[in-house]
Amino acid sequence: MRPGIALITRRLCLLAGIWIVGAGWPAVAATTERIVVNRFTGVAIEGFDPVAYFVAGAAVQGTAEFEANLWGAVWRFRNEGNRASFQAHPEIYGPQFGGYDPADIARGVIVAGNPHFFAIVAQRLYLFSREDNRDAFVADPERFLYEVAKRWPALQEKLGQ
């Protein structure tokens with residue numbers, strides 16, 4: 001289980017009268033953080049360098065040597081240049097929706113993205129909980145972003161500051 005994520009089983013949901021959309025979903029995830037962070041260290045997106053997705057086109061682990069604090073989280077980078085780029089333009093390099101999966105947000109649930117499943121669409125970084133979510137999003141980002149725009153404000157209000 002990921003730090004900061006509480007799993008609610010299908011049985012508990014059914015007992016509480018909550019219906020789960022999608023027969024293949026074994027659980028619904030919930031969290032209270034605005035940015036996906038490790039609850040013990042405060043490190044965002046598992047320590048991966050958000051700028052490296054743009055520069056290297058890959059998920060690259062950052063180091064403690066190059067850190068920045070922003071939005072209540074510690075961000076790690078692989079070099080000073082990436083840190084400086086992020087600090088100058090965090091709205092571009094930071095993962096959209098705090099690192100939560102936009103495909104799941106479109107369905108009305110908040111699930112932390114996995115830094116290994118990512119896409120850059122319209123010069124913005126998106127992280128996904130599963131590979132199939134990423135593939136569906138990339139195939140029709142406008143549809144997903146339309147649904148996210150309707151659901152994200154209410155879901156974000158449930159997250160902590």
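These are my notebook entries on a predicted model of one protein chain.

**Ground rules.** The model is predicted, and I take local features only at pLDDT of at least 70 and side-chain atom pairs only at pLDDT 80 or more, while totals for chains, interfaces and linings use all residues. I number residues from 1 along each chain as its sequence is written, and side-chain values use heavy atoms, with hydrogens and water left out.

**Confidence.** I looked up pLDDT, the predictor's confidence in each residue, from 0 to 100. The protein chain averages 84, and 79% of the residues score at least 70. Residues 1-32 fall below 50. Beyond near neighbours in sequence, that stretch still has 51 contacts in the model. Contact here means heavy atoms within 4.5 Å.

**Overall layout.** I find seven helices and six strands in the protein chain. Helices (H or I, at least four residues) and strands (E, at least two) are DSSP runs, numbered from the N terminus. From the N terminus on, the order reads β-α-β-α-β-β-α-α-α-β-β-α-α. Of the contacts with a separation of 6 or more, 54% join residues 24 or more positions apart.

**Surface.** The accessible surface of the protein chain is about 8600 Å². Carbon and sulfur atoms hold 56% of that surface. I used areas from the Shrake-Rupley method with a 1.4 Å probe; for residues, only the protein chains shown count as cover. Buried residues make up 44% of the 161 residues. My cut-offs are under 20% relative accessible area for buried, over 50% for exposed, and partly exposed in between.

Strand S5 (residues 114-121) runs antiparallel to S6, and five bridges join them. Two strands pair if DSSP finds at least two bridges between them. Val121 stands opposite Arg124 in S6. Two residues lie between the strands, and Ala122 takes a positive phi near 55°. Strand S6 (residues 124-128) is mostly covered, with four of its five residues buried.

**Arg130.** I then moved to the loop between S6 and helix H6 (131-139), where Arg130 sits. Arg130 is partly exposed at 30% relative accessible area. Its side chain makes a polar contact with the side chain of Asn133 at 2.9 Å. A polar contact is a pair of N or O atoms within 3.5 Å; within protein, one must be able to donate a hydrogen and the other to accept it, and residues adjacent in sequence count only if both atoms are side-chain atoms.

**Glu33.** Glu33 lies in the loop between strand S2 (27-30) and helix H2 (52-55). Glu33 is partly exposed at 33%. Glu33 and Gln156 are 123 residues apart in sequence and 9.1 Å apart in space, C-alpha to C-alpha.

Notes: Buried < 20%, exposed > 50% of the residue type's maximum accessible area, 1.4 Å probe, protein only.
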